[in-house]
Amino acid sequence: MAYFKLDGREVKHIDRKALYTRLEARINYLKEFLDFNSGDVEALSSGAKYIKTLIPAVVNLTYRKLLEYDITARAFHTRDTASDAPIEEFYKEDSPQIMRRKMFLRWYLTKLISDPTQMDFWRYLNKVGIMHTAQERLYTLNIEYIHMGACLGYIQDLFTEALMSHPTLSIRRKTAIIRAISKIIWIQNDLIARWRIRDGEEYADEMSEYLNDDKEGYLGEKKILGDNSSTSSGGSGEDHDDRASIRSGLAPSIAPSMASACPFADLAQPVTSTKIWAGK
């Protein structure tokens, strides 16, 4: 990275064109600007077990939220939030199509806390941005940015609230884990917005590095989105565990007999009730 002097102080030079034509340059700039460093990587790694405990409940709450609004609930039928096609009956939380998508979101949230030191991690997040803009897919999926951004914000809030309410983690560790996951989510937000905004459109013909050669509908080795057909996975034991965790307020790894509804109820009591482990 080049530096130059300005009014007696050292200033870093950022190549604007590279931000729009080279994914690695964009990621490096965002990580440095957000001060995403080795401390964040360590916090994410050490905090992964706590975040993973929350994922089943976060997934269920997120889909419950998406099904509260017709504009987002309709998209599960039309694959397009810009569509106003009439829907006779919306899917429910336990519909096979929704259960299947919950599985995809669990994969995604698990990926978010994997290994941000690898460029493949960021390519994955970039692909998430592309695939929701009706690009690079046989079966197009068009989810407008307002809904993508709102969904990410909701997920971030769930993680923040739950981690801050952890009964045994020190405030220092809570803060470190929340800061790390928040920075990841904000970079993901940028890699979604990147495919919606018009900034840098003069470089459109040179953005080939953003468009990788992943198989149609795949992110890495996991198929993330398919058609709306039912699958046998919709009724898996794991999905039933998720439904049970929402009804009881417990993550699947917590015994149903526990008196508190907190996902970390086996660690300490009492705890403050929050929406991540609220009951019905």
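**Figure 1. Contacts across the whole chain.** Take the contacts in the chain between residues at least 6 apart in sequence: 70% of them join residues at least 24 apart. Contact here means heavy atoms within 4.5 Å. This is a predicted model, so local features need pLDDT of at least 70 and side-chain atom pairs count only at pLDDT 80 or more, while totals for chains, interfaces and linings use all residues. Residues are numbered from 1 along each chain as its sequence is written, and side-chain values use heavy atoms, with hydrogens and water left out. The pLDDT is the predictor's confidence in each residue, from 0 to 100. The chain averages a pLDDT of 80, and 72% of the residues score at least 70. Over residues 213-272 the pLDDT is below 50, and this stretch has 121 contacts in the model beyond near neighbours in sequence.

**Figure 2. The helices and strands.** Count up the secondary structure and you get ten helices and four strands. These are DSSP runs, numbered from the N terminus: helices are H or I with at least four residues, strands are E with at least two. Walk along the sequence and the pattern reads β-β-α-α-α-α-α-α-α-α-α-β-β-α. Of the 280 residues in the chain, 48% are buried. Buried means under 20% relative accessible area, exposed means over 50%, and partly exposed is in between (1.4 Å probe, protein chains only).

**Figure 3. Helices H8 and H9, side by side.** Two packed helices are described by the angle between their axes and the distance between the axes. Here H8 (residues 145-164) and H9 (residues 171-193) pack at an angle of about 175 degrees, with axes 10 Å apart. That makes H8 roughly antiparallel to H9. The axes are lines fitted to C-alpha atoms, for helices over the stretch in contact, and angles run from 0 to 180 degrees between N-to-C directions. Under 35 degrees counts as roughly parallel, over 145 as roughly antiparallel, 65 to 115 as roughly perpendicular and the rest as oblique. Residues making the contact include Tyr145, Leu152 and Phe159 of H8, along with Ile171, Ile181 and Trp186 of H9. The residues of this contact split into 14 nonpolar, six polar and one charged. For that tally, Ala, Val, Leu, Ile, Met, Phe, Trp, Tyr, Cys and Pro count as nonpolar, Asp, Glu, Lys and Arg as charged, and the others, Gly among them, as polar.

**Figure 4. Inside the largest nonpolar core.** In soluble globular proteins, nonpolar side chains tend to be buried together. A nonpolar core is a set of buried Ala, Val, Leu, Ile, Met, Phe, Trp, Tyr and Cys residues joined through side-chain atoms within 4.5 Å. The largest one in this chain has 54 residues, and those touching the most other members are Ile51, Tyr108, Leu109, Trp122, Leu125, Phe159 and Ile184. Among the elements giving two or more residues to this core are H2 (23-33), H3 (38-66) and H6 (96-112). H3 supplies the largest share, twelve residues.

Figure 5. Ile51 is found in helix H3 and is buried, with a relative accessible area of 0%. Leaving out residues up to four places away in sequence, Ile51 touches Leu44, Ile113, Phe159, Leu163 and Ile177. Ile51 and Ile113 are 62 residues apart in sequence, yet 8.1 Å apart in space, C-alpha to C-alpha. Ile181 sits in helix H9 and, at 3% relative accessibility, counts as buried. With the neighbours up to four places away set aside, Ile181 touches Leu44, Ile113 and Phe159.

**Figure 6. Lys102, a buried lysine.** Lys102 belongs to helix H6 and is buried, with a relative accessible area of 1%. Not counting residues up to four places away in sequence, Lys102 touches Val59, Asn60, Tyr63 and Glu93.

**Figure 7. Two loop residues with positive phi.** Most residues other than glycine have a negative phi. Asp35, in the loop between H2 and H3, has a phi near 55 degrees. Arg79, in the loop between H5 and H6, has a positive phi of about 65 degrees. Buried or partly exposed: which is Asp35? Asp35 is partly exposed, with a relative accessible area of 42%, whereas Arg79 is buried at 12%.
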